[in-house]
Amino acid sequence: MKAGALELGEGSKTSIPRGGVNRGISILDFILRLIAIIGTLGSAIAMGTTDETLPFFTQFIRFRAQYDDLPTLTFFVIANSIVSGYLVLSLPMSIFHIVRSGARASRIVLIFLDTAMLGLLTAAASAASAIVYLAHKGNAQANWFAICQQFKSFCERISGSLIGSFGGIILFILLVLLSSVALSRC
């Protein structure tokens with residue numbers, strides 16, 4: 001052998017084996033799934049338990065705001081519940097990837113299902129965001145009055161619920177990217 005420049009990849013004794021990197025990615029995948037469960041389930045619970053009643057002139061006439069008064073917010077609760085259920089059901093698959101880091105077919109299935117859940121969660125959170133915006137700002141052309149001056153607690157809870165759901169969207173994007181990286185390394 002001649003003495004010369006060391007080419008890239010020749011000194012691979014100190015490099016991390018592929019299985020170790022994929023195992024690390026799988027552990028991160030599992031942790032992100034747990035955090036996403038907390039965000040989406042918390043969003044569904046916060047929105048589903050939101051209601052506020054305001055008395056008007058007498059105790060017999062009251063104005064009430066509930067999430068199920070608007071079909072968009074009902075869709076939001078159902079979609080977040082479905083995504084939370086999916087995340088719980090996907091945890092065993094994530095544990096399987098920690099044990100067998102070279103699994104390819106199950107990663108492909110997980111990428112497809114994660115992408116479908118990402119689409120569902122994005123649709124629900126976007127639709128609910130439009131309603132929350134109207135609740136805060138109103139729309140004079142559509143005769144939609146801003147109700148958040150009267151129903152402060154209701155608006156705070158539905159706005160907080162959106163934060164958890166959009167956090168879940170970011171986590172799903174990371175999950176799809178992580179699965180793709182792990183799949184490309186197999």
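This dialogue walks through a few features of a predicted model.

Student: Where does UniProt place the feature "transmembrane region"?

Tutor: The record, an unreviewed entry, gives that feature at residues 30-50, 70-96, 108-135 and 162-183.

Student: How much helix and strand is there over residues 30-50, and how far apart are the end C-alpha atoms of residues 108-135?

Tutor: Residues 30-50 are 90% helix and 0% strand, with end C-alpha atoms 30 Å apart. For residues 108-135, the span is 100% helix and 0% strand, and its end C-alpha atoms lie 41 Å apart.

Student: By what is a pair of aromatic rings described?

Tutor: In general, the distance of the centres and the angle of the planes describe such a pair. In this model, a search of the whole structure finds one aromatic pair. Tyr-86 and Phe-172 form that pair, with 6.4 Å from centre to centre and 25° between the planes, and it counts as stacked because planes under 30 degrees apart are classed that way.

Student: Which helices hold Tyr-86 and Phe-172, and are these two residues buried or exposed?

Tutor: Tyr-86 belongs to helix α2 (residues 71-99) and Phe-172 to helix α4 (residues 152-185), so that the pair links distant parts of the chain, 86 residues apart. Both Tyr-86 and Phe-172 are buried.

Student: Which residues make the nonpolar surface patch, and why can Ile-173 be part of it?

Tutor: Ile-170, Ile-173, Leu-174 and Leu-177 make this patch of about 360 Å². Ile-173, which is found in helix α4, can take part because its relative accessible area is 40%, making it partly exposed, and patch residues need over 30%.

Technical notes
Residues numbered from 1 in each chain as written. Predicted model: local features only at pLDDT ≥ 70, side-chain atom pairs only at ≥ 80, totals over all residues. Heavy atoms only, no water. UniProt positions renumbered as here; feature names shortened; annotations may be inferred. Helix = DSSP H or I, 4+ residues; strand = E, 2+ residues; numbered from the N terminus. Phe/Tyr/Trp six-rings, centres within 6.5 Å; stacked < 30°, edge-to-face > 60°. Buried < 20%, exposed > 50% of the residue type's maximum accessible area, 1.4 Å probe, protein only. Patch = residues over 30% accessible without salt bridge, like charges linked within 9 Å, V, L, I, M, F, W, Y side chains within 5 Å. Areas by Shrake-Rupley, 256 points an atom, 1.4 Å probe, with all protein chains shown as cover. Salt bridge = Lys/Arg side-chain N within 4 Å of Asp/Glu carboxyl O.
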